[in-house]
Number of protein chains: 4
Amino acid sequence: MIGLNVTIWNEFEAEQENEEVRKVYPQGIHSVIGEFLKEKINANTATATLHEPEHGLTEEVLNNTDVLIWWAHLSHEKVSDEVAERVQRHVLEGMGLIVLHSGHHSKPFKKLIGTTGNLRWREDDCHTRLWTIEPSHPIAKNVPMYVDIPQDEMYGERFDIPAPDSLVFISWFAGGEVMRSGCCFTRGAGKIFYFQPGHETYPVYKQPEIQTILCNAVNWAHSGRNAEAVSCIHAEDSPESLRYEKGE
Amino acid sequence: MIGLNVTIWNEFEAEQENEEVRKVYPQGIHSVIGEFLKEKINANTATATLHEPEHGLTEEVLNNTDVLIWWAHLSHEKVSDEVAERVQRHVLEGMGLIVLHSGHHSKPFKKLIGTTGNLRWREDDCHTRLWTIEPSHPIAKNVPMYVDIPQDEMYGERFDIPAPDSLVFISWFAGGEVMRSGCCFTRGAGKIFYFQPGHETYPVYKQPEIQTILCNAVNWAHSGRNAEAVSCIHAEDSPESLRYEKGE
Amino acid sequence: MIGLNVTIWNEFEAEQENEEVRKVYPQGIHSVIGEFLKEKINANTATATLHEPEHGLTEEVLNNTDVLIWWAHLSHEKVSDEVAERVQRHVLEGMGLIVLHSGHHSKPFKKLIGTTGNLRWREDDCHTRLWTIEPSHPIAKNVPMYVDIPQDEMYGERFDIPAPDSLVFISWFAGGEVMRSGCCFTRGAGKIFYFQPGHETYPVYKQPEIQTILCNAVNWAHSGRNAEAVSCIHAEDSPESLRYEKGE
Amino acid sequence: MIGLNVTIWNEFEAEQENEEVRKVYPQGIHSVIGEFLKEKINANTATATLHEPEHGLTEEVLNNTDVLIWWAHLSHEKVSDEVAERVQRHVLEGMGLIVLHSGHHSKPFKKLIGTTGNLRWREDDCHTRLWTIEPSHPIAKNVPMYVDIPQDEMYGERFDIPAPDSLVFISWFAGGEVMRSGCCFTRGAGKIFYFQPGHETYPVYKQPEIQTILCNAVNWAHSGRNAEAVSCIHAEDSPESLRYEKGE
C-alpha cells in the first residue's frame, strides 16, 4: 500500500536554542513525528521549518501534501501572511491539517477558525488525562477510554474556538482545569484536527497512545482535493432548464 | 422597554446608481430595515454606509452597538481590512452580527467563518421558498412552515460555510437548487446569523414574514459583551492551589 | 410580567427515607427549586412526585406546563411507560424539559435521546468545578467562567449521549474525571437541558450560581407548543401547484 | 481484502404483492442492494425479511453484522418491540445502521433518534435532485455536486429528526419542497446514516451514483463493536487514587 504524503512543519527553534528541549527531541519534534508515521502507517513524510525559504511551504510542496501537520510555539508572527493564506487555501481545497499544541495560535489555524484561539494556560509539570468522548470516531480507534500523560503544559477552557464538528477528546488537568483537547473541524473541502498535548519539554509524542491518535488523525484528515466544491459558480443555466433541453 | 442598539450597515451604492433599485428602496435598504426594527421591536437604530469615514463604523459606534446588520453586494473590496478586523473583534467580544444576502462575501463574515463563502448563483427573477427547519429556534418564532418569496436572486449549494451551529431555514429555488439560507454561528462570545434573501431589485425586506425573521434575529443575536471569555489568561495559580490557600 | 408555568417533578423518596438527605432538603428538592424560581424569575411553579396518581403528570398538568424539571435518582423503573411517553410527546410538541443529575437514566430522557445515558460514577464527597464553554449561550448569562461546587457525586465520561446541540458546561472532578455536564438538545419542537450537579446529600441547589443557571435554563427551554411542526403532513397539492392555481 | 459483513433487511411485501413493484425489483429491493455491495466493495452480504422468525434478526445474526441496512415502508408496526430494541442495542454497541427511504418511521430508527421521524410527503412521480453539502465527507466520495433522480416519492421538510451530526445531502423536489435527505448520526458507539431516496416503484437503487453513495455509507458506518464505551462503570477507585497507588 502506498502511504499518504504527510508534511510535518515545525518552528524548529526551541530544539536548537534550548538544552532542555534538545534532550527530549535532539533531531526536532518533526523528525520524531515523521518517524512513527513512516513506521506505523507507511506515510511518505517530508518536513518543513520556519527558517527555510517560504518556510518550506511552497505551492509545489503543498500541492504534493495530503496532510500537513503543524507544530509551533512562540514564533507565530514570523510566519508570513502569504504562506499562512496559502495553507488556508490548500486546506479549503481539501488538504488535511493537524494542528498541534501551541498551534492554536498559529496564523493558518486562526484564519481557518475565525476566532482568537485564546485559552487559559500555565506552564507547570502538570499531570494530564485525556478522556475519549466519541469512541466510534476514526481518530479514537484503538485508543483506550482514557490516556494518562505524566507531564504537560496546562491549556484550559475557555478555549476560544467555534464549537467543533466533532469533539473527540476532553482533557483533565491536575490543577483544576478541563479542555476540549481533540477537536475536529471541516472547513471547505478540508478536514482539520486540533490536538492539545505536546509541550516541547516533555516526551509526549513518544507515548504510544499519542502516536496512535496522530496516525488515526492523518488517515481521517485525508479526503482528497476538491477545488470545485469551494468555487463560486455562475450557473447561467439552471439544472431545470438543462433538463428540459435534454428532453428529460 | 428600552430597545436594543442596532446599527444597519449598507454599501448604499446600488440605490444611488441604479434606477431599478431606487424604485424599490428610494431611501436605501438600510432605512427600510431600520424602520421596521424601530416599529416592531422598539430598536434604537442607526445606520452606517461604505462611503462615510471609516465606513461609519468607528470604535465608538461599534462600542455602542448591540447588533450590527450588514448588507452589501459588489464593493466588498472597498471595505478596509482595518474596519473588517474591528468588526470581527467586536463580534468575538459579544456584538451580534446579521449578514444579509451578498454579505456572504463580505470581509467581516469571511474572516469570522474562515471559508470562502463561495456559492452557486444566477441572477434571474426566480421564485424562492424558505422552509423552516428548526421551529423551536428563537429566529423561527411566529414564522410559518414555509414562506414564499415571489422573486429573488438564486444563491445555491454548495455554499462554502462551516456547518452552522443551527440550521434554521433551507431555501428551494424554482430553477432546481437548494440552499442553507438561514444559518446561525457562534464565534467567540458573539452570535452571527446569515440570511440569504434580499436582492436589491426585489422588495424582499418589505415582506412581513421576512421582517418577523429579522426582528427575531436581532433579539437572538444580542448576548452582551464578554471580552474576558475570549482573552488569553495566564493562570499562574491553579484553581486547586487557590482553593487550598483559602483553606477550603 | 406573568411568569412561565414550571412543573418540578421529584421522586421524593430519599428526602422521606434518609435522615441525611432530609437535613439538606427537609421539604424536598422540588420545593427548594420551586422557591428560587418563584423568587428570581417569577415562575408559576407546581410540583409533582412519583407516588401521586399518574406520578402527578396528567395530560392536563402537562398541557399547562411550559417547562418541566425532572429530578430522580433510584426509582426510574417505577415510572410508568405511559407517563414517560406522555412526557416525551409533550416535549416533542414544544414543552421545555430540564433533566437534573441522575435524571440521565430517567425514562423520558432516555426515550428522547435514544442512547443509554450510561456514564462513569463514584459516590464520594468530591470537589467539582464547572467550566463555562459557551459564554454567549442564554444559559451561561451572568455565570462566571468557573463555578466551584464543594461536594458532589462524581459523574464522568464517557457519558453515553448524542453529541449535544450546544455544550455549555464541562465539569472537572478532583478524582481525575471530566464530564459534559451542561448539555442542550433540541428534539422535535422542544428544548432539553441536562445538568449534572445536584446529588441529594449536598446543598448544591442552594448555591447562587447553580440557581442562576437553572433560572436561565427555564427561560431558554421555553419555546411554546407547535404540534404542527412535528406532524406527518400528506401534502396532496404541492406548493408549486397551489401557487399556479392562485395565478401567482 | 475481506469485505464487511452487511445484512440487508427488507419488509419484502410490496415486491410480492404489487405487480408494479415486482417489475422493478423482481427479487426484492434487498437482493439488488446486496448485489452491488458484493460487486463494488466486496461485502459479505446476507438478507433478512419481516416474515422470517424474529424477522431474520436473531442475536446471532446481529452479532455477525458490521452494518445493517433497513428498507421498510408500510409494516413498521409488524416489527416486534423486542427485535427493534435488539437492533437499537447493537447499534449503540457499535453496529452500523443505514436507514433507507420510509425507514424514517421504522421502530429501530425512531428509538435511536427519539423524535417522531414525521415529515411532509406526496406520492407523485416527482423529479428529485440531491445536492452534495459536505464534499469531504466519506459518504460523498466520488459523488458529483448534484445527482438527478428522474422519479421518486416526495419526502420533505419539516422532517422531525434531531439536527444530524453531519448533513451530507439536501434534496430538491419539483413540487416545491426540500429535504435533509442524507443525514449522519452517531449514537452510542454506532453510526447511522439516513438516506431518503428509494421508493419501491422506481429503480432508484439501480442508479450508479446512488450505489456509490450506499457503498460509501457502508464503509463509513462500520466502526467496530465497543460495548465498554456505552456501559455504566462504577469506578470505585478514581484515576488519581490509582495513580498514587502505583507511585506515579
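This is a predicted model: local features need pLDDT of at least 70, side-chain atom pairs count only at pLDDT 80 or more; totals for chains, interfaces and linings use all residues.
Colleague: OK, and how many residues does α5 of chain A have?
Modeller: Twelve, covering residues 81-92. From first C-alpha to last, the helix reaches 16 Å, close to the 16 Å expected at 1.5 Å a residue.
Colleague: Which residues of α5(A) are buried?
Modeller: Val83(A), Ala84(A), Val87(A), Gln88(A), His90(A), Val91(A) and Leu92(A).
Colleague: And what do those buried residues pack against?
Modeller: Within chain A, they pack against helices α4 (59-63) and α6 (107-113), plus strands β3 (67-71), β4 (96-100), β8 (178-187) and β9 (190-195).
Colleague: Switching to interfaces: how many residues of chain A are in contact with chain B?
Modeller: 35 residues of chain A, in contact with 35 of chain B. On the chain A side, α6, β5 (120-132), β8, β10 (233-234) and α8 (239-245) each give two or more residues. That side divides into 13 nonpolar, twelve polar and ten charged residues.
Colleague: Which strand of chain B is joined to β5(A)?
Modeller: β10, residues 233-234 of chain B; two bridges join the strands, which run parallel. One bridge pairs Arg120(A) with Ile233(B).
Colleague: What about chains B and D?
Modeller: There, 15 residues of chain B are in contact with 15 of chain D. β5 (120-132) and β7 (166-173) of chain B are the elements giving two or more residues to that side of chain B. By class, it has nine nonpolar, two polar and four charged residues.

Technical notes:
Residues are numbered from 1 along each chain as its sequence is written. Chains are lettered from A and ligands numbered from 1 in the order in which they are written. Helices (H or I, at least four residues) and strands (E, at least two) are DSSP runs, numbered from the N terminus. The expected span of a helix is 1.5 Å times one less than its number of residues. A residue is buried if 20 or more other C-beta atoms lie within 10 Å of its own, exposed if 12 or fewer, and partly exposed in between; C-beta atoms are placed from the backbone. Two residues are in contact if their C-beta atoms, placed from the backbone, lie within 7 Å. Ala, Val, Leu, Ile, Met, Phe, Trp, Tyr, Cys and Pro count as nonpolar, Asp, Glu, Lys and Arg as charged, and the others, Gly among them, as polar. Two strands pair if DSSP finds at least two bridges between them.
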